[in-house]
Structure formats: C-alpha cells, structure tokens
Amino acid sequence: MVREKVRVSTRTLQWNCVESRIDSKRLYYGRFVLSPLMKGQADTIGIALRRALLGEIEGTCITRVKSENVPHEYSTIAGIQESVHEILMNLKEIVLRSNLYGTCQASIWAKGPGYVTARDIILPTCVEIVDNTQHIASLTEPINFCIELEIERNRGYLLKMPHNFQDGSYSIDAVFMPVRNVNHSIHSYGNGNEKQEILFLEIWTNGSLSPKEALHEASRNLIDLFIPFLHKEEQNLPLEDNKDVVPLSPFSFHDKFDKLRKNKKKIALQSIFIDQSELSPRVYNCLKKSNIYTLFDLLNNSQEDLMKIEHFRLEDVKEILGILEKNFAIDLPKKKF
C-alpha cells in the first residue's frame, strides 16, 4: 500500500493505493483514495484527473506500414490467411512502451509457414513490446513476410490521413492513450460545516505503464498546465488599455530568471519546472523519465548522476551545463561530495 501526505492549510491530505492488480499483460488496475477533502473538492479533483488521465498522457503506437507489391488496403496476399486490412488492424492493437520523442522506424522479417506475432518486430532500443504474443498474421505457405513500420509517441487519438498507396505505404489510426478507463466516486461524511469527502479513483491501463505511474504523470501534466497562472508579474491590464497587447507566450527560462533577479525576489526552486527551459525535447524527456521535473530536482544531481540516466549522452550533460551557466551563472559538480 502506498501512502503520500500533503499539508493543505490545517488539514493533511493523504492518498493511498488500496488495490493494485495485473489482470493480463495488457490490463492493469489500480484503486486510489484521497482524503480528507472539503465539500465539493472531490468532484473538482476527480473530473480534472479523469480528463488528464485519458487525454494528457503520452503513449506509443504503430502509425504507418509500408510493404511492396500491395495494390490496396483490402487486397489479399497469396500465402497469408489475413487480408491486408486485417493485418493493419492487428498492428494497430500492438501495445508498446518507449521513451521515444517523435517517430522511429521498425520492421518485420519472417518466413512461413507459421504465425507472425509481436515478438517478430525488430525494434530500436528505445521501444519495448508489452505483450509479444499479440497476433499479426498467419503464413500458410513458405513465403517471406517483410514490412516496414513507423512508430510514434504522442497523445490522444490520431486519425489516419488519406493516402494514394502507390508506394505501398498505409497509415493506421492510432490510439495513443495508455489509460483505458477511469472512474471516480465520492463518499461524504460528517454534518453541516464539518462535512468532508473521500475521493475514490479507479484506473485501468494497457500495461505500458502502471496505474500509479499514470496518476503521477497526469497530476504532473495538470500542474504544468496551471503554471502560467502562477506568474504574479503577469498582471491584467484594464480592457480599454489592452487593445493592442499581443498575448504573452509562456516564459522562457532566461526571461523568468532575468525578471526575478531584477525584482530581487527569493526564488522557490521547486516552482521552476524544466519544461520552461530551452532544453531539447529528447533531453527533457530523459529527465522527466528520471523524475527530474524542477530546477530543484536538477540541482540535486551531479554530472556523474546525469550520465547514469538511460539514453543520456555527454552532449546532453553539456547542453544542461550551458543552460545553467547562461541563466544562473552556476555549475553542477562533477561528483557528489
């Protein structure tokens, strides 16, 4: 059982994982509770978390398939039991896990007779198969089954675009959402002004991440969305004086620290998130996967610690050091003392 406590006013909020199970390789379940909450807060949190869990978490899918000598999507191939369309639908269902940024290439090279499964997909090191028993095709004759795949990490739902198919390339509808379903319910107790609530949250995932990981990522994404509203420097102007004002974009790392230095304000390092920086997307994703979300988290690591991060390179450390030097005039120690 997992317990986390957060101090809010005079109350101590506590969340627990009260149930966690793996129903199959592609179905994980978790049940969580958060309490004590004031009247109305459970519904506010529950609705926001449900939307974030279903729409704000990234997943990895096969989005395009390329194969030569295939006239159209609904054609059949001698020696293969399934039609091209059925094979595409099977590839759509393959569940992948990755720390990929953008897209990458993969392939399948198999020889019949026999079954082609997810185990036969040749993947880059940054992508993993969750269930390698997932069926793709049945080869009934001694033929070669060779296709190229494009894999993408994104969020939400991607509708395939029309294509002329002349190059044998077929796009696939992609459901990037690793969270399959979310339910929230509320239990109220107490009387009058002392009435309080308990939030119950149920999460089902496709196995590419656990419900606890999904809850953590959804919560972090929600916090990131509200960061712009925390900038006290951004004061609203009267409507009549605001006609020609261009909407402000989110602060860059440099702008934020420049203004804070000029105002001589004390910097709360925990409130400065790395997604406000000038880091490249690949470096940002690597840091995020290592639970480094804020400047405070980053400064608690040495250069040696950063090099231990999966897929991190010396050039990535130099990029971080350059940004810290540019915006803070500080450096990370090579090793922890």
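Buried means under 20% relative accessible area, exposed means over 50%, and partly exposed is in between, with a 1.4 Å probe and protein chains only.

A word on the source. This is a predicted model, so local features need pLDDT of at least 70, side-chain atom pairs count only at pLDDT 80 or more, and totals for chains, interfaces and linings use all residues. Residues are numbered from 1 along each chain as its sequence is written, and side-chain values use heavy atoms, with hydrogens and water left out.

Cysteines, then. A disulfide is a covalent bond between the sulfur atoms of two cysteines. The rule here is a pair of cysteine sulfur atoms within 2.5 Å.

Take C286. This residue counts as buried, at 6% relative accessibility. Its closest cysteine sulfur is in C126, 9.7 Å away, and that is too far for a bond. C146 is partly exposed, at 31% relative accessible area.

Now the backbone. Helices (H or I, at least four residues) and strands (E, at least two) are DSSP runs, numbered from the N terminus.

Which peptide bonds are cis? One joins S35 and P36, with omega about -10°. P36 sits in strand 3, residues 27–38. Another runs from G112 to P113, with omega near 0°. P113 lies in the loop between strand 6 (103–111) and strand 7 (114–117).

Last stop, N291. This residue is not a glycine, yet its phi is positive, about 65°. Where is N291? In the loop between helix 5 (281–289) and helix 6 (295–299).
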